[in-house]
Amino acid sequence: MADIEQQDRKGKLARPSSISEGVYDRIYERIMALEIAPGARIPIDALARDLNVSQTPVREALSMLEREGLVRKAHLIGYSAAPQLTRKEFDDLYTFRLLLEPEAARLACRNMTPEALARLETDAADMGRGEPPVDRNSRYSRFARADAQFHDDILAIGGNQVIRQALADQHVHLHIFRLMFHSRVTQEALEEHERLLVAFREGDPEAAHQAMYDHIDRSRARLLLAYE
Ligand SMILES: [Zn+2]
C-alpha cells in the first residue's frame with residue numbers, strides 16, 4: 001500500500017502541497033547531510049522548536065520520510081534516522097543494481113520515444129545545474145533527488161514494473177547519497193549519465209546496457225571510499 005502511494009507521488013512529481021513541504025525539505029536535507037546522524041533519534045518536540053513550527057507539520061514530514069525509508073519509527077521510542085548501510089548491505093545492494101539496471105537501460109532504449117528522451121534530458125540538466133550556489137547541503141540533496149528521478153524514469157520507460165518496484169523497495173538513492181556525502185561528488189556521474197543519453201539518442205540498446213553497467217560500477221568504486 002505504501003508502495004502504491006509512493007508511486008503515485010512520484011508520478012505526480014510532488015509531495016503533498018501543505019505547509020509540511022517546507023518542513024519536509026529541511027528535515028530531508030539535514031538527514032542527507034548527516035546533520036541528523038544515521039541511527040540518531042529525532043525528537044519531534046525539539047525539532048519543531050528548532051524549525052520554529054508546530055509539531056503537526058513535523059509529524060507529517062516524518063511520516064512521509066518514513067515511507068521513503070529515511071526514518072524509522074519504533075514503538076515507544078519514536079522516530080530515528082535510518083541507519084547507514086553496512087559494508088555487506090552496500091555490496092549486496094550494488095550486486096543487485098548491476099543485475100537489474102543495465103537490463104532496464106536496454107529495455108528503455110528499445111522503448112525510447114522523443115518525449116521520453118526529453119524527460120531524461122530534463123532530469124540530467126536538473127542535476128547539472130548548479131543553481132544559485134546555496135549551501136552545500138541543499139545543493140547536495142537536490143542532486144540526490146534529481147539522480148533518483150533520472151534512474152527511476154529510465155526504469156519507467158523500460159516498462160518492467162517488477163524491476164522498477166524491486167529497486168524502489170530498496171530506497172537505493174537515499175542510502176547511497178548519505179554515503180556519498182563523504183566522497184567525491186558528482187561531475188563524474190554527470191559524464192556517465194551523458195554517455196547513457198548518447199546511447200539513448202542513437203538508439204543503441206547494447207551501448208545503453210554497457211553505459212549503465214559502467215555508471216553503477218564506477219559509482220560503487222566512488223562510494224567504497226566512504227568505508228575506508
Ligand atoms: Zn546516476
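Two residues count as in contact here if their C-beta atoms, placed from the backbone, lie within 7 Å. With that in hand, let's look around this predicted model.

The protein chain has 11 helices and two strands. Going along the sequence, the order is α-α-α-α-β-β-α-α-α-α-α-α-α. Of its 228 residues, 29% count as buried. If you take the contacts with a separation of 6 or more, 76% of them join residues 24 or more positions apart.

| Helix | Residues |
|---|---|
| α5 | residues 87-111 |
| α10 | residues 187-202 |
| α11 | residues 205-224 |

Start with α5. Its 25 residues, at 1.5 Å a residue, should span 36 Å, and the end C-alpha atoms sit 35 Å apart, so the two values agree. There is still a bend of about 25 degrees at Leu98, with a proline, Pro102, following within four residues. Pro102 is also one of the buried residues of α5, and others among them are Arg97, Leu100, Glu101 and Cys109.

Now for α10 and α11. These two helices pack with their axes 8 Å apart, at an angle of about 170 degrees. An angle over 145 degrees counts as roughly antiparallel, so that is how α10 runs relative to α11. On the α10 side, the residues that meet α11 are Glu188, Ala189, Glu192, Arg195, Leu196, Ala199 and Phe200. Their partners in α11 include Ala207, Ala211, Met212, Asp214 and Arg218. Sorted by kind, the residues of this contact come to eight nonpolar, two polar and five charged.

Key
Residues are numbered from 1 along each chain as its sequence is written. This is a predicted model: local features need pLDDT of at least 70, side-chain atom pairs count only at pLDDT 80 or more; totals for chains, interfaces and linings use all residues. The expected span of a helix is 1.5 Å times one less than its number of residues. The bend at a residue is the angle between axes fitted to the seven residues ending there and the seven starting there. A residue is buried if 20 or more other C-beta atoms lie within 10 Å of its own, exposed if 12 or fewer, and partly exposed in between; C-beta atoms are placed from the backbone. Axes are lines fitted to C-alpha atoms, for helices over the stretch in contact, and angles run from 0 to 180 degrees between N-to-C directions. Angles under 35 degrees count as roughly parallel, over 145 as roughly antiparallel, 65 to 115 as roughly perpendicular and the rest as oblique. Ala, Val, Leu, Ile, Met, Phe, Trp, Tyr, Cys and Pro count as nonpolar, Asp, Glu, Lys and Arg as charged, and the others, Gly among them, as polar.
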